[in-house]
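Here is a friendly walk through one model, with an eye on how its parts are held together. Have a look at the sequence and coordinates first, and then read on.

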Amino acid sequence: MECRVLSIQSHVVRGYVGNKSASFPLQVLGFEVDSINSVQFSNHTGYSHWKGQVLTADELHVLYEGIKLNNVHQYDYVLTGYTRDTSFLEMVVDIVQELKRANPNLVYVCDPVLGDHGSMYVPQNLYPVYKNKVVPVADIITPNQFEAELLTGKNISTEKDAVEVMDLLHAMGPDTVVITSSDLPSRLGDRFLVSLGSQRQVRPDGSRATQRVRIEVPKVDAVFVGTGDLFAAMLLAWTHHYPNDLKMACEKTFSVMHHVIQRTISYAHELAGPGRRPSPPQLELRMVQSKADIEDPAIVTEATVIS
Amino acid sequence: PEEKCRVLSIQSHVVRGYVGNKSATFPLQVLGFEVDSINSVQFSNHTGYAHWKGQVLTADELNVLYEGIKLNKVNHYDYILTGYSRDTSFLETVVDIIQELKKANPSLVYVCDPVMGDHGAMYVPENLLPVYRDKVVPLADILTPNQFEAELLTGRKVNTQEDAFEVMDLLHKMGPETVVLTSSDLPSKKGDQFLVALGSQKIVKPDGSKTSQKICMDIPKVDAVFVGTGDLFAAMLLAWTHHHPKDLKAACEKTVSVMHHVIKRTITYANEMAGPGKRPSPAQLELRMVQSKADIENPAIVVEAKVLHKSSQ
């Protein structure tokens, strides 16, 4: 498999978020990962302390220029996640557009990180950039419910709402949309959350179809950081292997997440001791220990095809 | 490996390709090590390409990153790994950090590639030599100089195997208990298609007496210039000495074998990409790292290290 990904995300010295979360699993699955580190921090910002440096939009451009001057700016995928800076995001858009001109088959996997649980946790002025510039060039997006509502201006109270929101997102650009988590009630009870996916496909006869899936995902009683980044990376990998089967791609992706999270939470509790809440360092994803699950995830979450 | 396997690696980052941290991190992670990485630079690609662009980390910025780790009380490492550096103040800050980390964990193992030059010429600023000789090498536990770097550090030339032994013993006296001369000009018994690498490890016997194991390997030469292989070597030596702490022969056989598999795969692919009769470009010669995962995990031994002599000191 000769597949090259350009991933533009954060780097942390310690732990697994951004490029640290995305690179190893993609490499383990055989992808060539070129990574531009948008920041270098000691660790993620959920710790008591964090320190480091950010890359400016100009510096991003300089790095891309180096790649271009050597004529090696051919990519099959671009992957982006958490960003705090509008000019940086706009430079990313310029780069994606140029890379798409160099390879019209390029797939841009975008996690439109804006917020969660009803509030934004990035500067508000990123919202119009995502809506008007980023999402239109994305091929696969992985918003949570809040981000999907924000981008479309429509609230999700029922599964029908979610389907409409995903159709609105398709109309904005991406052929594949996965709402990574929602408040919708799960048919398996309140220990589960509902995720949904939708993929526009072209049938062999040229007609268009939309495959929609629903996944019941076990909730976990912990706050993880970096799981969204891992999710987007693994969705990239599994849609690569199953480009016309969102059900399968989602089952693999959500299953990997489950294995990594389970391993992490067991270890974190071991380290914290009985009755204690694990700390952010203790909750870092057990990424290298999960290599086998990443390579070949046993399917533990089933996706249901919905109309 | 579960316990005692957190590595702090302070090396370059390239967007594309495999040098520095890009070369060291994936193989160590594949072998189960937790790798914390401080990127000393971020460049588009290594400097052997026609063009390269990017930014460097200053000594102050390095300090700031380390401060963040320290403030969270997670400045506990089992290994440190460093390689190519161009800046004396950066290197001196690295030394300070290592000293502090060794105080936090006296069992810490510092694996140091004292990158200064090759084939008789320095390719870093000259003022790095005294920093390596007087500050860095004394802290190192495992050192991977080539012949030129070993000669520079000790002020002794290597013309024979005996010279090499003396130089490695001098390096032991400077600090590191494990020294691997990664390449030399010494003639190989297998002919001129091979180069000679040597290793020396100080061991304390059960009765308390000190000895050293010296080994020799004949390594097939390759007709290509690779970048990043030294970084991969140091990382894999870290991994295999971790598994074989008192058996330099086994550690080196595994390390050199991994190198062989990765290089062979790379050169085959590069020649394919370049086409018949054409010399592959730097881009085409990038190590086939992710494709070599199985070899990294479990390298078939293709080189035998000969134990040369055990001597008492």
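A salt bridge is a side-chain nitrogen of Lys or Arg within 4 Å of a carboxyl oxygen of Asp or Glu. By that rule, A:Lys154, A:Lys160, A:Asp161 and A:Glu164 are linked in a network of salt bridges.

Please keep in mind that this is a predicted model, in which local features need pLDDT of at least 70, side-chain atom pairs count only at pLDDT 80 or more, and totals for chains, interfaces and linings use all residues. Residues are numbered from 1 along each chain as its sequence is written, chains are lettered from A and ligands numbered from 1 in the order in which they are written, and side-chain values use heavy atoms, with hydrogens and water left out.

**Salt bridges**

Over all chains, the search of the whole structure finds 33 salt bridges.

| Pair | N to O distance |
|---|---|
| B:Arg288 and A:Glu32 | 3.9 Å |
| A:Lys68 and A:Glu98 | 2.8 Å |
| B:Asp141 and B:Lys102 | 2.9 Å |

Helices (H or I, at least four residues) and strands (E, at least two) are DSSP runs, numbered from the N terminus. For accessibility, buried means under 20% relative accessible area, exposed over 50%, and partly exposed in between (1.4 Å probe, protein chains only).

A:Lys68 is partly exposed at 28% relative accessibility, and A:Glu98 is partly exposed at 23%.

In chain B, B:Asp141 sits in the loop between helix H4 (128–136) and strand E8 (142–143), and B:Lys102 in helix H3 (residues 88–104), so this pair ties together parts that are 39 residues apart in sequence. Here B:Asp141 is partly exposed, at 21%, while B:Lys102 counts as buried, at 19%.

**Where the chains meet**

The contact (heavy atoms within 4.5 Å) takes 47 residues from chain A and 47 residues from chain B. Buried area is the accessible area (1.4 Å probe) that two parts lose on being put together, summed over both; between chain A and chain B this is about 3,900 Å², with carbon and sulfur atoms giving 52%.

The count between chain A and chain B is 5 salt bridges. B:Arg288 of chain B and A:Glu32 of chain A form a salt bridge. At 9% relative accessibility B:Arg288 is buried, and A:Glu32 is buried as well, at 4%.

**Nonpolar cores**

In soluble globular proteins, nonpolar side chains tend to be buried together. A nonpolar core is a set of buried Ala, Val, Leu, Ile, Met, Phe, Trp, Tyr and Cys residues joined through side-chain atoms within 4.5 Å. The largest one here has 91 residues, of which A:Leu26, A:Phe31, A:Met234, B:Leu28, B:Phe33 and B:Met236 touch the most other members. Apart from that core lies another, of 50 residues, among them A:Val78, A:Val92, A:Leu126 and A:Val129.
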